[in-house]
Amino acid sequence: MAMPRPGEIVGRYRIDREIGRGAMGVVLAATDVRIGRTVAIKMITAVHDAAPAFLSRFHAEATVLAGLDSSHIIAIFDHDDTDDGTPFIVTQYVDGPDLAQLLADHGPLSPQEALTLCAQVARALGDAHRAGVVHRDVKPANVLVRGAGTPDVHAYLCDFGIARGDSAGLTATGAVAGTWAYLAPERTQGAQADASTDLYSLGCLLWTCLTGAPPYAGSDVQMAIAHAQSPVRQLVGDDPFITQLNACLARLMAKQRGDRPADATAARTELEALAAAAPRHRLSGAPNGPAAPYGPGGPAGAAAPTAPPPVAPPTLPRSGRRRSRKARTALIATALAVVLTISGAAVWAGSRLLADDEGDPNPSDSSSPGAQPDRIEGDIDGDGFGDVTVIERESDGGDALIALARSTGRRLEVSTPAVAEIGVPALADVDGNGITETAWQVPPTSAGGIVLRIVALDGSLTQVTVAETEDETSWAGVPVFADVDGDGLDDLVMDGTRPGASNIQVALSDGEAFSELTSWWDGPDVDADVVTAGDFDCDGDEDLAAIFHIGSATTRELHLLRSDDGRFTDTGAVPVLSHTWGESSWLAADVDGDDVDELVAVAGRAGQIGVADLADDRFGELVIARDAAGTSAEWDAYVEEFGGSLPPHRYGASDVDGDGDADLVRLNDETSAALGVLIADEGRFAEPVTWAVLGCALCEELPQIVP
């Protein structure tokens, strides 16, 4: 059809101007010439193969929605067809932006503004639910705001075009309705929409208002998995107001329907009570939002980096450690099956009457420029940015505190430390659910075996005992967790010695328990240290990097122990210059974004960084990716006085800016608990920039980064 121009008459309405347009049609401002009232007209221009069926649904739904009576729902005045058969709907006109545009223009709202607007949306949902109508697409683009920034701010919930009445579903059969960034977990699994799914979306809306971004990022598939599996997002802080606000978010975004508020009225009552006590300034520690003023009220002493962050990338909610290619493929295939199941035979959202015209504040077209890979190194909380776990111990080895430093893409926000378990920690996904746990090897008991305490992100604890074989192996190093058999679950790897040989044993995880430790490799009678694990050959299971100490203290060899069919194969030695790399921190990470792990060495306090890929089935030469600090003579003098080795676990690998290649995070020096970030870019690492300063808790030993 030819779109009406300003001044033309459609029915009893004179067209004034175009407001906006989207996939389904065009929105026009117009004047009702009979009564002189300004209205909004949406012309539905999308082509539909089954036009009669579509028109029938359109007018039936418009009739239902016109019966809604709420001060916070956009009123429907009229609906009809033009002379050429194009349907249109006439609604109340609101002089103000939608919430998505408001957030895009001005950033996150203050808690008072966010809670006030969301309480009004909850009132609208309550009015709709009492009339038997479920919205099914609560999101910022579907909330119009009048009087933003004033005491008289007023929210209107609009675009009920995918709502349904009591008697029948008005959306096309088989279509899933909603926007993935705000869709309740059960909806991603094909369950019917109801009042509780609207409340989940309301919780996501509140999070977006407070932080400036939806709770989870990524493609439709990735967000579906995140809604179902990732922990409910929580704000940083532990003061009484934040604690109550986090509890409200946890109830609204609860994974199970029965754990959400009883109805929209209960949700509104809680939101209004919080709004009455809420601060009028933005939350300085709000995750994912645009940069907030950093200083009083923020993490103590933290400093933001100078460079702006990239846009939050798509990410599968996954382990902080890297999942094997085989496991990633299985996870993606499962997620796609979920999406296909709930989409049915219909084109997804193809029959939506009034949705998507304003656009989504979190588009997720994976084919667009800058589309990201399907994993984010170190992402523990599933928000698209790599995180860091830090532990601080007492000097006598007694009590310890552990904290998660969550990345927002431009800074690290450190959670309140929790009392740590006793023992040696490591990050692992031993149950294959895509969410990192912290695995602790606790001191041995008289009962024998290796005792592990697995602590999930939500604090739940599982203790398992790994049986040892009856041999003479003595464990020399710390436990390493790696997916050595490529099934998507991290296994336990222990290195040690037995008479006349070095030895590595593995206990495989089945998601519920570990098998008995069995020998996977017997090597020469040398001091062989497993320094890290990664999928260096990109075959789907993780291999080991080991340093052999040969004879004198100045001789080192770097070995790749390739995992293959229940054993490790030594592919050969690469000499390592002891003075340059002998006392390095060794990490496995994809630092160039090619979906293959590289071996990264950080040489002592001087901070020289080398990166090695595989060459001829063994590690190649370490290529310099950051030069050492100071001159060679200065470094020699420093080593002579202090030694060249780093304190333990001063470096970690995590994609803190979410761009697809892993960056390095370090504790900056021996006298500071500042977390510095070295951004990876085109084969080099930038100079460190402080992203957080850890508060002094025990104030005895410097913190360590949990590997």
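The points below concern confidence, nonpolar cores, an annotated lysine and salt bridges in a predicted model.

1. Basis. This is a predicted model in which local features need pLDDT of at least 70 and side-chain atom pairs count only at pLDDT 80 or more, while totals for chains, interfaces and linings use all residues. Residues are numbered from 1 along each chain as its sequence is written, and side-chain values use heavy atoms, with hydrogens and water left out.

2. Confidence. The average pLDDT (the predictor's confidence in each residue, from 0 to 100) is 76 for the chain, and 73% of the residues score at least 70. Residues 162–176 have a pLDDT below 50, yet this stretch has 51 contacts in the model beyond near neighbours in sequence; a contact means heavy atoms within 4.5 Å. Residues 288–373 also stay under 50, and there the model has 235 contacts beyond four places in sequence. Where pLDDT is low, the predicted coordinates should not be read in detail.

3. Main core. A nonpolar core here is a set of buried Ala, Val, Leu, Ile, Met, Phe, Trp, Tyr and Cys residues joined through side-chain atoms within 4.5 Å. Buried means under 20% relative accessible area, exposed over 50%, and partly exposed in between (1.4 Å probe, protein chains only). The largest such core has 63 residues, and those with the most contacts inside it include Leu-99, Leu-115, Val-121 and Leu-271. Helix 3 (residues 111–130) supplies the largest share, 10 residues. Helices (H or I, at least four residues) and strands (E, at least two) are DSSP runs, numbered from the N terminus. The core lies between domain 1 (8–92) and domain 2 (99–164 + 178–277), because both give residues to it. These domain bounds come from an automatic or database domain assignment.

4. Leaving aside residues up to four places away in sequence, Leu-271 touches Leu-115, Cys-118, Ala-119, Ala-122, Leu-202, Leu-206 and Cys-248.

5. An unreviewed UniProt entry carries the annotation "binding site" at Lys-42. UniProt positions are given in the numbering used here, feature names are shortened, and annotations may be inferred rather than shown by experiment. In the model, Lys-42 lies in strand 4 (residues 37–44) and is buried, with a relative accessible area of 7%.

6. Salt bridges around Glu-186. The whole structure has 15 salt bridges, each defined as a side-chain nitrogen of Lys or Arg within 4 Å of a carboxyl oxygen of Asp or Glu. One of them joins Glu-186 and Arg-260 at 2.7 Å, N to O. Glu-186 is in helix 4 (residues 185–188) and Arg-260 in the loop between helix 7 (240–252) and helix 8 (264–277), 74 residues apart. Glu-186 counts as buried at 9% relative accessibility, as does Arg-260 at 5%. A network of salt bridges links Glu-186, Asp-194, Arg-257 and Arg-260.

7. Salt bridges of Arg-562. Asp-537 and Arg-562 form a salt bridge of 2.3 Å, N to O. Asp-537 lies in the loop between strand 22 (527–534) and strand 23 (543–549) and Arg-562 in strand 24 (residues 555–563), so the pair ties together parts 25 residues apart in sequence. Arg-562 also forms a salt bridge with Asp-617, where the closest N and O atoms are 1.6 Å apart. Asp-617 sits in the loop between strand 29 (614–615) and strand 30 (618–619), 55 residues from Arg-562. Arg-562 counts as buried at 17% relative accessibility, whereas Asp-617 is partly exposed at 40%.
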